[in-house]
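Morning, everyone. I have one structure to walk through today, and I'll keep it quick.

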Amino acid sequence: MQLLIDKYAAAGALTERTRAGGMVVGVEHDPPLGMELVSNLQDVNPGDLIVSSGIDGIYPKGFVIGSVEKAERGRGLYLTIAVRPAVDFNSLEEVLVVLVPPRPALTDDENPSGGGTRK
């Protein structure tokens with residue numbers, strides 16, 4: 001299991017208020033999360049709620065990740081955003097593992113390309 005605060009972890013995310021999209025990553029300082037790849041042109045403010053976007057195909061859409069603690073114009077094209085997690089990762093007692101069931105195979109009648117499926 002890998003926690004989102006791990007420096008090798010990342011999740012597609014967006015701000016709930018303005019829908020500014022980016023990626024939440026683990027960082028080695030306090031707060032332990034940062035949001036990257038959010039354009040300097042986006043409206044992101046302290047207190048904005050960060051939720052999973054579902055775009056990465058790993059984390060389902062709409063799970064609360066945390067809130068923006070600090071957002072400022074970065075050196076390049078992107079904002080520098082610090083995110084305070086919604087949970088204290090040092091005091092977790094239980095976790096929920098979300099498994100997305102695989103999609104069933106399409107039958108010949110359902111296949112929009114008209115191609116056959118193997119049986």
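A word on ground rules. This is a predicted model, where local features need pLDDT of at least 70 and side-chain atom pairs count only at pLDDT 80 or more, while totals for chains, interfaces and linings use all residues. Residues are numbered from 1 along each chain as its sequence is written, and side-chain values use heavy atoms, with hydrogens and water left out.

Overall fold. The chain has six strands and zero helices. Helices (H or I, at least four residues) and strands (E, at least two) are DSSP runs, numbered from the N terminus. Along the sequence, that reads β-β-β-β-β-β.

How do the strands pair? Two strands count as paired if DSSP finds at least two bridges between them. Strand 5, residues 64-72, runs antiparallel to strand 6 over six bridges. In that pairing, S67 sits opposite R84 of strand 6. Strand 3 also pairs with strand 6 in the antiparallel sense, over three bridges. There, G34 faces A82 in strand 6.

Some totals. The chain has 119 residues, and 29% of them are buried. Buried means under 20% relative accessible area, exposed means over 50%, and partly exposed is in between (1.4 Å probe, protein chains only). Now contacts, meaning heavy atoms within 4.5 Å. Of the contacts with a separation of 6 or more, 40% are between residues 24 or more positions apart.

On to charges. How many salt bridges does a search of the whole structure find? Five. The criterion is a side-chain nitrogen of Lys or Arg within 4 Å of a carboxyl oxygen of Asp or Glu.

Take D48 and R17. Their side chains form a salt bridge, at 2.8 Å from N to O. D48 is in the loop between strand 3 and strand 4, and R17 is in the loop between strand 1 and strand 2, so the pair ties together parts that are 31 residues apart in sequence. Is D48 buried or exposed? It is buried, at 6% relative accessible area. R17 is partly exposed, at 44%.

Leaving out residues up to four places away in sequence, D48 touches R17, D43, G66, S67 and V68.

Next, R84. It forms a salt bridge with D30, the closest N and O atoms being 2.8 Å apart. That pair links distant parts of the chain: R84 in strand 6 and D30 in the loop between strand 2 and strand 3, 54 residues apart. R84 is partly exposed, at 29%. D30 is exposed, at 60%.

R84 has another partner in E69. Here the closest N and O atoms are 2.9 Å apart in the salt bridge. E69 is in strand 5 and R84 in strand 6, 15 residues apart. E69 is partly exposed, at 37%.

Now E16. Where is E16? In the loop between strand 1 (10-15) and strand 2 (21-26). E16 is partly exposed, with 44% relative accessible area. Setting aside residues up to four places away in sequence, E16 touches L49 and V51. E16 and V51 are 35 residues apart in sequence, yet 6.5 Å apart in space, C-alpha to C-alpha.

Last stop, the surface. Which residues form the nonpolar patch? V87, L92, V95, V97 and L99, with about 470 Å² of accessible area together. Patches are made of residues with over 30% relative accessible area and no salt bridge; like charges are joined within 9 Å, and nonpolar side chains (Val, Leu, Ile, Met, Phe, Trp, Tyr) within 5 Å. L99 lies in the segment after strand 6 (80-85). L99 counts as exposed, at 71% relative accessibility.

That's my tour. Thanks, everyone.

Definitions and conventions. Areas by Shrake-Rupley, 256 points an atom, 1.4 Å probe, with all protein chains shown as cover.
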